[in-house]
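Please look at the structure below with an eye to its helices, its aromatic side chains and the surroundings of a few single residues. The report that follows takes these topics in turn.

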Amino acid sequence: MQIVSERADGLVDAVIEDPAGEEGLQWAAEFAQQAGTHSQTRERRDKIAEAHGAPGTVAQLAAGPLHKAKDPYAAQAAVDALAAGIEVSFETGAQVEREKIDERRQSPESAAQRYLFAAERAARKPRNLNIGAARSVARSGVVGAGTMGGGIAMALAAAGIPVTIVEAEQDALDCGRHGPAAAGPAG
């Protein structure tokens with residue numbers, strides 16, 4: 001089982017069905033009580049010993065997945081930061097990661113994503129729209145008397161609202177006003 005091998009490797013400390021339940025809380029309390037047994041990520045170099053000091057190892061391993069990345073720039077930035085952290089030092093990796101984040105934040109793509117994020121939210125809240133102030137509808141207009149336009153026109157007329165239908169084809173106009181039989185035989 002994959003989880004068992006990851007526990008043996010030290011990647012997973014425990015497997016708990018309901019981490020927010022009693023068992024999870026008890027495990028967390030016991031784990032916190034264990035003095036001196038916790039190591040920081042930067043201290044766990046045993047799994048990367050072969051790659052440390054061997055430039056190009058990470059890039060070689062990442063070459064395949066990089067070709068499949070949706071955002072190759074971001075993927076390459078992640079590989080660069082990992083390579084610096086594994087092949088040089090944790091501190092160098094953290095510094096490269098910060099530099100790559102800052103570069104990415106200054107990119108035109110990042111500016112476009114922020115603009116899109118704000119625009120999508122602003123579109124949901126039109127300016128100067130007073131939702132509480134309903135206006136009465138005295139007349140209506142429908143462009144196109146096909147299935148949808150005819151249905152809209154009929155619904156408005158049924159509500160007692162005068163409707164003007166604009167249609168380029170007489171047959172479609174007749175169909176929209178009187179139903180499919182009014183258009184005559186198909187042909």
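Helix α7, formed by residues 147-158, counts 12 residues and spans 16 Å from its first C-alpha to its last, close to the 16 Å expected at 1.5 Å a residue; the expected span of a helix is 1.5 Å times one less than its number of residues. Helices (H or I, at least four residues) and strands (E, at least two) are DSSP runs, numbered from the N terminus. Within α7, Gly149, Gly150 and Ala153 are buried, and because they cover an arc of only 100° around the axis, they fall on the same side of α7, the arc being that of the directions from the helix axis to the C-beta atoms. The exposed residues Thr147, Met148, Met154 and Ala158 sit on the face of α7 turned away from its buried side. Here buried means under 20% relative accessible area, exposed over 50%, and partly exposed in between, with a 1.4 Å probe and protein chains only. After α7 comes glycine 160, which has a positive phi near 85°.

This is a predicted model, in which local features need pLDDT of at least 70 and side-chain atom pairs count only at pLDDT 80 or more, while totals for chains, interfaces and linings use all residues. Residues are numbered from 1 along each chain as its sequence is written, and side-chain values use heavy atoms, with hydrogens and water left out.

The structure contains 1 aromatic pair. The ring centres of tryptophan 27 and phenylalanine 31 are 4.8 Å apart and their planes stand at 20°, so the pair is stacked; rings of Phe, Tyr and Trp (its six-membered ring) pair if their centres lie within 6.5 Å, and planes under 30 degrees apart count as stacked, over 60 as edge-to-face and the rest as tilted. Both residues belong to helix α2 (residues 22-33), where a spacing of 4 residues separates tryptophan 27 and phenylalanine 31 by about one helical turn.

Relative accessibility can be set out for several residues.

| Residue | Relative accessibility | Class |
|---|---|---|
| Tryptophan 27 | 30% | partly exposed |
| Phenylalanine 31 | 27% | partly exposed |
| Leucine 25 | 52% | exposed |
| Serine 140 | 14% | buried |

Leucine 25 is also placed in helix α2, and, leaving aside neighbours within four places in sequence, leucine 25 is in contact with Pro19 and Ala20, contact meaning heavy atoms within 4.5 Å. Serine 140 belongs to strand β1 (residues 140-143) and, not counting residues up to four places away in sequence, touches Leu156, Ile161, Pro162, Val163 and Thr164.
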